[in-house]
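Please read this note with the model open beside you. Each numbered point takes one place in the chain. Find the residues as you go.

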Amino acid sequence: MRKFVDLTILFLTMLSVCGFVLPQYGYNHPELKWYTIETEHFLVHYHNGAEWTAKRVAEIAEKIYKPVTEFYGYEPDSKTQLIIKDTDDYSNGAAYYYDNKILIWATPLDFILRGSHNWLWDVVTHEFTHIVSLQSSMKFSRKIPGMYFQVYSYEDEKRDDVLYGYPYVMAIYPFPGVVIPMWLAEGVAQYMYRGCPNDFWDSHRDMILRDRVLNDRLLSFEDMNHFGYSGIGNESVYNQGFALTSYIVDKYGDDVPGKVFKRMKEIKNLTINRAFKEVTGKTGFEIYNEWKNFITKRYRSLTQTIKQNEVKGKTIVKDGATSQIFPHWVGDSLIFFLSNKGQDYISQTSLYVFNRKTNRTRLVLKGVRSRITCSRDGRIIYFTKKSKPNKYGSIYYDIYSYDLENRKEKQITKWRRAYNPSLSPDGKFLAFVTGKDGTSNLVVLNLEDMSERQITEFNNGEQLFTAVWSPDGKKLAFDCLLDHGRDIYIYDMKSGELRLLLGEKCDTRDPYFSPDSRWLYFSSDETGIFNIYRVSLIDGHRELVTNVVGGAFSPSVNAKGELVYSLFEGSSFKIAMIENCRPIDEKLAEYYDYESMIPRLSSVKDKDFVSRPYQTQYSIFFFLPTLMIDYGTLKPGIYFFSSEMLEKMSLSGGFTVNRLLDRDLALILEVRKWKPTLYMEFYNLRRKVSRSLKIYESYPARTKYKFELIELDVGVSHPLGVIAGVDFRAVYSKYRATVQEWIPAQNIYTNPFSYNYYRGVDFILTWKYHKLVPVINSESNPEEGLNLRLEVSRNYDHFLKDFGIYEDYATLREIYKKNYYWKIYMNGVIYKRLVPAKKITSSLRWQAGWISKYDVDSFFYFFAGSLPGLRGYPYYSIEGRNLFSVHYTIKAPIFREKSISLPTFCLSNAFIGIYFEAGNAWNGIEGKRKVGIKEFLKDSYGVTKRWIKDFKKDAGVELILSGFSFYSYPLSLTFDFAYGFDRVEWTNGDRRNEYGKKLRFYFTMSFGI
């Protein structure tokens, strides 16, 4: 019996392009107990262990509700949900403005490009400003986040028993409900509202903007519209957005941001220029140019004296990196430091050492993110990094040591949440910072017996950063944050006395004792620019020792009095050295009265909020209309999703239908209440076709077919560490056909005849491994890493072989062929940097498959052509129960990190790739249906030679363009041209087809850059 459709391909296409995917691996934390605090305008959900943070968040949220909503002239339509997490050593905040939900991690932010502010005051106000401002700009409603346009076209080449070829065009394009450029969205979230004391234009923001202006590196108006930059690029979008927002409010009025957001609510306003024109009479671009001229004149004027009297020493380490930080002397010749050399992001650092005698730098240890401390001889290095997940899946920082002689790493603590260690001069103790529920404390670890002593008892959100020992081991100095900016404290190990050293309003940080115990060096922004100072530990006398235009951080001094520090200059951090530190007249470093700009936070009184056990709550149902062009027909439809507020359960799906009543239906339920994630997926696709006319008793007749796919997947998934996961699912499938004939001349219809031509139950075990070095073009051009997928399945498939007769009823019955077999499939890809400096990369991709049953029906074969395989051949042209192919690609950038504006799209990156592919899908070798292990071992060379000889080969070129649509939707377009070098013959019954020797084209458009 012939089969007329392979709906599997359509099914997989719908999943891959429309976003329905298998559950993501992640830890669910079922051990946590959740509670809720309800206030007038908020619901604060938190788990055990995060109660202090939740109470403080509840009070802050109510304090800032009125000023934020009044400033933007908008109030959310329901209580905003605030979710507090402290399950990992991770810091961030996120506003889900369609859900009316904010997620806040209790751990405070510590980022070298950000100033120091009270974490909860800052993040709560920032994220709630996102909620209010972005909700006020929604073009539709909270229930409709946007809509999609989709296009699919299929290869002409196909089997006779298949409706469509494989898709060679797969495109999806969004029309979002919120169209706001990134500079404005983040700018107002940092500005918050006039006079807001929770954040302000601090010295870090001013440093980044000042440096860009003075070095003529200011992001253009188009550049500010989106993210997707390396180095300090993304942070510059934040900073320039904040500065431009402040300028707009000061010059054009407090009501301008709110009015602009409301103008962007109108469907016609798809660009920010038009909205600003309607509100202020000037386009956003014109206002940007005004602001640029204003700040250029201001910065040149303010820094004139400093430039004329600059004291920064000699830059000793450049290396083209954007982040070279935390220098540390060992002896008088070695300087250890962290660098992100060769990486896109500023936090992707490794440990390097600079030898002053040879003036050479070498890599010591990859992946070091924290400050390091060393033994006196420089042999043992201590640092912190994230450990493997604990039994609950929490990922914490721990202290590790590394022996430079035998190159062995050792874990010192286990799941201790330990940061920034400092080794005592005698090598017996380690001081480190630890924190939970939003508060940090200082702990001293005895390395001999591993006993601990907590030496601070902070409990009110204090944030500690670095700690250093005095040369005699009797004191510890550390920097601590309570309000805005850090203060330096000194702790006496014998008396237990804790003393505030300076107590200034500005930010004083990075303490470091001179080896002779005479000075304490530190970094301070008292002028508005960070410089290195030192204070006498004998008489309290203070001296300025650097005078820079950028910023100076993290001093370290050797026995000779030579100072090394991290210098911010030219949009990057460098290592600089001053051999002889001399006091500088502080009048030569005057910038502006920065301390008068620093606000004080509102007082907070701990309220006795009433908590109740958390009750399950769901978000509203979201609907995304879609308009699809599929196999030449117009298919409108809708996608939908909803989730439980804590993401313990979610439901998503979609439905499209055309005028033929062909439909695509998908429903996915995911449950994350227990350690493993449980899921259920249901798919139903239906297609109708009419076959060509045929002669039936001398009359022309038409045959109508209706094909329907039903699939139900039930599975469970669980992570295996951070970069791997396992999934097991059972899949029930049924393919059904209905046939009806019609003789137009006689107006005769036969009764519809329905039958199931395939049904099966498969059990599939999948293991995935995913480890890529993060880069700005991770989707379109991964640079280094490894992806692996291994799938083992036991299949119980029944495929229609013939029809029989039910003797009792004299009706037709299906006779199936049993296809019971094992199936193994593996694919993987290795990404490698060929020329890192020029971003030239290569990838080696492969796939392999094996089906155990020699006489399995061809319905279940592997197919080796088209986009998933050899692109020089159609999908169905190469088939068999064995599969192997390799694909090698070299890519080079045409340009990166640009802003080429097109209607509703900004082109940022372009890559060109050349690839070569070889492989095959087969059943036997040179007429041999079976090649067993014995045959292979007997003539392994001959078998391999004949096997490779039959490989099909192709080559091609791909052009990848990526950027952002409507400012914030990352979008990637791929144009692919491939040519098959071999002619492939494929026979199906009496029909003979030839493929290859032809240029083939593919086009995809999907999310990601």
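Is R871 buried or exposed? R871 counts as buried, because its relative accessibility is 8%. Buried means under 20% relative accessible area, exposed means over 50%, and partly exposed lies in between (1.4 Å probe, protein chains only).

Some ground rules come before the points. This is a predicted model, in which local features need pLDDT of at least 70 and side-chain atom pairs count only at pLDDT 80 or more, while totals for chains, interfaces and linings use all residues. Residues are numbered from 1 along each chain as its sequence is written, and side-chain values use heavy atoms, with hydrogens and water left out.

1. **The partner of R871.** R871 forms a salt bridge with E958, and their closest N and O atoms are 3.5 Å apart. This pair links distant parts of the chain, 87 residues apart. E958 sits in strand β51 (residues 952–965), whereas R871 is in the loop between β46 (862–863) and β47 (879–880). E958 is also buried, because its relative accessibility is 8%. A salt bridge here is a side-chain nitrogen of Lys or Arg within 4 Å of a carboxyl oxygen of Asp or Glu. Helices (H or I, at least four residues) and strands (E, at least two) are DSSP runs, numbered from the N terminus.

2. The whole structure holds 64 salt bridges. In one of them, D630 pairs with K635, with the closest N and O atoms 3.0 Å apart. D630 is buried at a relative accessible area of 2%. K635 is buried too, at 0%. In another, D950 pairs with K952, and the closest N and O atoms are 3.5 Å apart. Salt bridges that share partners also join D344, E783, E784, R833, K839, R896 and E897 into one network.

3. **Two lysines with positive phi.** K839, a member of the network above, is not a glycine, yet its phi is positive, about 60 degrees. Look for K839 in the loop between β44 (811–835) and β45 (840–851). K839 is buried, with a relative accessible area of 10%. K997 also has a positive phi without being a glycine, at about 55 degrees. K997 lies in the loop between β54 (991–995) and β55 (999–1007). Its relative accessible area is 41%, so K997 is partly exposed.

4. **Helix α4.** How many of the 10 residues of α4 are buried? The count is 10 of the 10, so α4 is largely enclosed by the rest of the structure. Among the buried residues are W183, E186 and Y191. The buried residues of α4 pack against α2 (51–72), α3 (119–135), α5 (203–214), α6 (233–252), α7 (256–263) and α8 (272–280). After α4 comes M192, whose phi is positive, near 70 degrees.

5. **L184 inside that helix.** L184 belongs to helix α4 (residues 182–191). L184 is buried, at 3% relative accessibility. Which residues is L184 in contact with, leaving aside its neighbours within four places in sequence? They are T245, V260, F261 and I272. Contact means heavy atoms within 4.5 Å. L184 and F242 are 58 residues apart along the chain, while their C-alpha atoms are separated by 7.8 Å.

6. **A positive patch.** K474, K475, K494 and R499 gather on the surface in a patch of positive charge. Patches are made of residues with over 30% relative accessible area and no salt bridge; like charges are joined within 9 Å, and nonpolar side chains (Val, Leu, Ile, Met, Phe, Trp, Tyr) within 5 Å. K494 lies in the loop between β23 (486–492) and β24 (498–500). K494 is exposed, with a relative accessible area of 83%.

7. **D539.** Where does D539 lie? D539 is in the loop between β27 (531–536) and β28 (542–544). D539 is exposed, with a relative accessible area of 58%. D539 and G865 are 326 residues apart along the chain, and 80 Å separates their C-alpha atoms.

Notes: Accessible areas come from the Shrake-Rupley method with a 1.4 Å probe; for residues, only the protein chains shown count as cover. Lys and Arg count as positive and Asp and Glu as negative; His and the chain ends are not counted. The place of a charge is taken as NZ of Lys, CZ of Arg, CG of Asp or CD of Glu.
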